[in-house]
Amino acid sequence: MTRVAAKVDLNQTEIIKALRESPGVSVHSLAGQGKGCPDLLVGIQQQTFLCEVKNGIKKLTPDQVKFIEHWNGSPVVILRDADTARAWARRLLKG
């Protein structure tokens, strides 16, 4: 079976870098999963978060909306830029 390259938003690399700047934050890319699965798996303070990366005003795809509506874990976090990602991580690290 041929694998199709994962389509990632242009700001995903900078958001991952911003999150990893914070000590105690781990990030794993899920971008290749497809079918609406969020882009990132993020660990902070022994908690696990699914994060969807969106560039600017881009909207969620129908598959992403469906995934989020049917997900029974903690809410999916939408990250649009590195500054927001840093602020979100800092807030969680402070408790």
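**Helix H3.** I checked the length of H3 (residues 82–94) first. At 1.5 Å a residue, its 13 residues should span 18 Å, and the end C-alpha atoms are 18 Å apart, which agrees. The expected span is 1.5 Å times one less than the number of residues. Helices (H or I, at least four residues) and strands (E, at least two) are DSSP runs, numbered from the N terminus.

This is a predicted model: local features need pLDDT of at least 70, side-chain atom pairs count only at pLDDT 80 or more, and totals for chains, interfaces and linings use all residues. Residues are numbered from 1 along each chain as its sequence is written, and side-chain values use heavy atoms, with hydrogens and water left out.

**Faces of H3.** Which residues of H3 are buried? I found Ala82, Ala85, Trp88 and Ala89. Seen down the axis of H3, these buried residues fall within an arc of 125° (directions from the axis to the C-beta atoms), so they line one face of the helix. Asp83, Arg91 and Lys94 are exposed on the other side. Buried means under 20% relative accessible area, exposed over 50%, partly exposed in between (1.4 Å probe, protein chains only). The cover over the buried residues of H3 includes helix H1 (12–20) and strands S1 (25–29), S2 (40–44), S3 (47–53) and S4 (77–79).

**Ends of H3.** At the start, a side-chain oxygen of aspartate 81 comes to within 3.1 Å of the backbone nitrogen of aspartate 83. Just after the helix, glycine 95 has a positive phi of about 85°.

**Core.** I then looked at the largest nonpolar core, which has 16 residues. Such a core is a set of buried Ala, Val, Leu, Ile, Met, Phe, Trp, Tyr and Cys residues joined through side-chain atoms within 4.5 Å. Leu19, Leu40, Val42, Cys51, Leu79 and Trp88 touch the most other members. H1, S1, S2, S3, S4 and H3 each give two or more residues to this core. Leucine 40 has contacts (heavy atoms within 4.5 Å) that include Ile15, Leu19, Phe49 and Cys51, leaving aside residues up to four places away in sequence.

**Cysteines.** How many disulfides does a search of the whole structure find? I got 0 (a disulfide is a pair of cysteine sulfur atoms within 2.5 Å). The sulfur of cysteine 37 is 11 Å from the closest cysteine sulfur, in cysteine 51, too far for a bond. Cysteine 51 is buried, at 0% relative accessible area.

**Isoleucine 68.** Last, I looked at isoleucine 68 in helix H2 (residues 62–70). At 29% relative accessibility, isoleucine 68 counts as partly exposed.

Terms used
A polar contact is a pair of N or O atoms within 3.5 Å; within protein, one must be able to donate a hydrogen and the other to accept it, and residues adjacent in sequence count only if both atoms are side-chain atoms.
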